[in-house]
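Here are my notes on this model, as numbered points. Please read them with the coordinates open.

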Amino acid sequence: MDYLKELAIRILQEVPNGLSKVKFAKIIYFTHKYLVIKHIKAVHDLAFIRMPLGPVPVGFMDLEGDGISIALQPSALSFDKQTYSWGGQSSYSDKEQEYINKVVQSLNAIPTNELVEASHLEPSWLSHANGVEYYIDTQDLSQPLPKTKSILQDEKLAEQHLQAKLVEGMLDDIVDESTLLEYPKTKSN
């Protein structure tokens, strides 16, 4: 089994009610970072793609199957929310799982929009353009893991904030692309 699928199962077995797509991608990112900090995994074990809502693991879109299911749920967004869940038996109970359980419990208590904001502070995410693949680096590892800022939050407002962040990231890409069409970069000789 590849590392991403194993990590996804390890995370989902700790969250029996499942995780939304965006939150799941952020929890995978921060859990991998935590495992690297703890010297359990290596930086190059998992690559990420820079997306408007933060880093997404390479291969994330292929996680469904082998016990991982995706259900659609209505939301305040302009699209249905996808929830990932583990339908298999709990299969991990080793020391690595203890580390994962600890960090996942902490991360899952943080609202999704706060996880997105925290991922936007990661140096590797800041230094790449949308769609570019990268690995976390030593600067990322020096950043603390996110901690919750809010006590209670309106779920609809939080979802609308996420949608606004997504649109903002997409608009930045559109402006960059149209600017390049109008003012192409010139090669200096």
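**Notes on the sheet, the rings and a helix pair**

1. A hairpin of two linking residues connects strand 2 to strand 3. Strands here (E, at least two residues) and helices (H or I, at least four) are DSSP runs, numbered from the N terminus. Strands count as paired if DSSP finds at least two bridges between them.

2. On provenance: this is a predicted model, where local features need pLDDT of at least 70, side-chain atom pairs count only at pLDDT 80 or more, and totals for chains, interfaces and linings use all residues. Residues are numbered from 1 along each chain as its sequence is written, and side-chain values use heavy atoms, with hydrogens and water left out.

3. The sheet is open, with three strands in the order 3-2-6 and antiparallel pairing. Strand 3 and strand 6 are the edges; each has a single partner strand, so one side of each lacks a neighbour in the sheet. In general, strands of a sheet pair through backbone hydrogen bonds, parallel or antiparallel.

4. Now the bridges. Strand 2 (residues 48-51) and strand 3 (residues 54-57) run antiparallel and share four bridges. Here F48 stands opposite P57, and R50 has P55 as its bridge partner. Strand 2 also pairs with strand 6 (residues 133-134), again antiparallel, over two bridges. In strand 6, Y134 is the bridge partner of F48.

5. Which residues of strand 2 are on its covered face, and which on its uncovered one? F48 and R50 are on the covered face; I49 and M51 are on the uncovered one. As a rule, side chains in a regular strand alternate between the two faces of the sheet.

6. The model has six aromatic pairs. The rings are those of Phe, Tyr and Trp (its six-membered ring); centres must lie within 6.5 Å, and planes under 30 degrees apart are stacked, over 60 edge-to-face, the rest tilted. Y29 and F30 form an edge-to-face pair, at 5.0 Å centre to centre and 80° between the planes. Y29 and F48 are also edge-to-face, at 5.0 Å and 75°. That pair links distant parts of the chain: Y29 is in helix 2 (residues 21-37), F48 is in strand 2, and they are 19 residues apart.

7. F30 is buried at 0%, and F48 is buried at 0%. The classes are buried under 20%, exposed over 50% and partly exposed in between (1.4 Å probe, protein chains only).

8. Elsewhere, ring pairs link F24, F60 and Y84 into a cluster.

9. Two charges sit over rings (NZ of Lys or CZ of Arg within 6 Å of the ring centre and within 35 degrees of the ring normal). R50 is over the face of W125, 3.5 Å from the ring centre. K95 is over the face of Y99, at 5.7 Å.

10. Residues of helix 1 (residues 3-14) that meet helix 2 include L4, L7 and I11. Among their helix 2 counterparts are F24, I28 and L35. Contact means heavy atoms within 4.5 Å.

Notes: Axes are lines fitted to C-alpha atoms, for helices over the stretch in contact, and angles run from 0 to 180 degrees between N-to-C directions.
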